[in-house]
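The sequence and the structure come before my notes.

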Amino acid sequence: MGVQDAEPLDVERIREDFPILDREVGEGTDLVYLDNGATSQTPESVVETMSEYYRTYNANVHRGIHRLSQEASIAYEDAHDRVAEFIGASGGREEVAFTKNTTESMNVVAYAWGLSELGPGDEVVLTQMEHHAALVTWQQIAKKTGAEVKFIRVTDDGYLDLDHARELITDDTEMVSVVHVSNTLGTVNPVSELADLAHDHDALFFVDGAQAVPNRPVDVEAIDADFYAFSGHKMCGPTGVGVLYGKRHLLEEMDPYLFGGMMIKKVTFEESKWNDLPWKFEAGTPPIAEGIGLHAAVDYLESIGMDRIQRHEERIVEYAYDRLTDHDDVTVFGPPGDDRVGLVSFDLDGVHPHDVSQILDEHGVAVRAGDHCTQPLHDVLGVSATTRASFYLYNTREEVDALVEAVDAARELFAV
Amino acid sequence: MVGSDMYRQQILDHYRNPRNHGELEDPTFSHVGENPMCGDEITMDVELAEDGETIERVAFRGEGCAISQAAASMLSERLPGKTLSELREMDRDDVLDMLGVDISPMRIKCAVLAEKVAQDGAEIYLGEKDLDRTSTE
């Protein structure tokens, strides 16, 4: 059964799992939470799982002989297996390291692999729609190593220019790092095709999946990604935990990025021997409660079904796109409404995005205004900022209506 | 009109019909500043009277949100007649009083941009500061 046939979500039922959605933001003003691209809300099962850890078996992991530490260690380690299964990593926990967030996952590879493998004459190929997490990281590693960073162009309608990609990716390319889903344009990039292109030239392929894993089935092996990164807090999980997937042989070859406790097996005053995967990449006390919470988030999402979540988002975003673009003074950036993930970044002619989001806030509608950590992409789009509404499994068409009404109010208020 | 706390008529009026918008022909000093995160940018031109202390004329130009642009417009009306010392003594509360609305914490930097640009411009003119651009970050 494909995504198109996925059974609709029972959104009213799902909303019961998120009590925060019932709150008011000002007297008599219901919250309409459309800032899911920044962070998603947290279902009760995740909050409960983390509370239970703190209430009943809070202990450090991997080091205590005592009962609590054993329980915490098992739960924390199991979370790695669960996440591996969720993203199709057949190597299990050894291919899944927990980090702080997507950005840190990116930095682990940039430092651990990039610093030693890159040098003058080498090229790293990114896209113009990269989040700063990838863009700034590779830009700075390139400066340190003498490598060069190149950017695959974005077309006027918000897609990657694949002809340009074929031009840029050559035998000099050592790494291709691509965002799976654009957090600004809502574009879903052809990551399998780009992986093939990278591998044809013996380059590694890194995918920033922060905006993809929350809302669609992701199989890192089907994509053939060498590395894949995402964050817990955008997928119903807690803040403070991110994931770095890496093919086992690559993670084995890489030295650690952070040094310290937990990531070592044997230490003398002169030498240290690294711990097994993935702990080699998890120096210091890790995000234990958060890792266990992420396990619960994965359970929650899968209990609903990633196909269904994807289809729900597609329906909602198409509706939002159509309603917003009913007016000629609204520009929505990126691909058409029926070919994008659940977000719309838009410009209301004559009204600055910060003013738009302020008026929206007065109507209870939470969106993001700004550059969404894609400043260079905004330069390409020719705007300094946009207003972004981003949807998730608990959002309704009525909430899209509330967004549109609030945009109408902003238009009316600022009408000359 | 749609009810809105932050966008009272006065602010919208200054945003739509900015006063003293443009350039001065012969400014005593001119300075530019920005809110890098929002993309607000304002240039303030100031012309002093013959006493070298009293502000005689002000003009501004720039782009950005309604709050930043209205604040610049309102400030351009308030400054003539004030001395440079008086300008330098102004603080955030003076700007908020001038705007006459509650500004949410995230928007304070939009509100004070014009004031900071004028103040930095004065201090650079007096040789007490060395700065190309004012930034609120």
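Which residues point one way from E7(A), and which the other way? I worked on a predicted model. I found that Phe227(A), Ala229(A) and Ser231(A) point one way, while Tyr228(A) and Phe230(A) point the other way. In a regular strand, side chains alternate between the two faces of the sheet.

Next I looked up burial. Strand E7 of chain A covers residues 227-231, and five of the five are buried, so I noted the strand as largely enclosed by the rest of the structure.

Then I looked up the strands that pair with E7(A). Strand E6 of chain A (residues 204-208) runs parallel to E7(A), and three bridges join the two. I noted Ala229(A) as the bridge partner of Asp208(A). Strand E8 of chain A (residues 242-246) runs antiparallel to E7(A), with five bridges between them. Here I found Gly246(A) opposite Phe227(A).

I turned to a pair of helices. Helix H12 (residues 353-362) and helix H14 (residues 397-414), both of chain A, pack at an angle of about 120°, and their axes are 9 Å apart. The crossing of H12(A) past H14(A) is right-handed.

Last, I listed the residues that meet. From H12(A) these are Asp355(A), Ile359(A) and Leu360(A). From H14(A) they are Leu403(A), Ala406(A), Val407(A), Ala409(A), Ala410(A), Leu413(A) and Phe414(A).

Notes. Residues numbered from 1 in each chain as written. Chains lettered and ligands numbered in written order. Predicted model: local features only at pLDDT ≥ 70, side-chain atom pairs only at ≥ 80, totals over all residues. Heavy atoms only, no water. Buried < 20%, exposed > 50% of the residue type's maximum accessible area, 1.4 Å probe, protein only. Helix = DSSP H or I, 4+ residues; strand = E, 2+ residues; numbered from the N terminus. Pairing = 2+ DSSP bridges. Axes fitted to C-alpha atoms, helices over the stretch in contact; angles between N-to-C directions. Left-handed = near helix turned anticlockwise from the far one by under 90°. Contact = heavy atoms within 4.5 Å.
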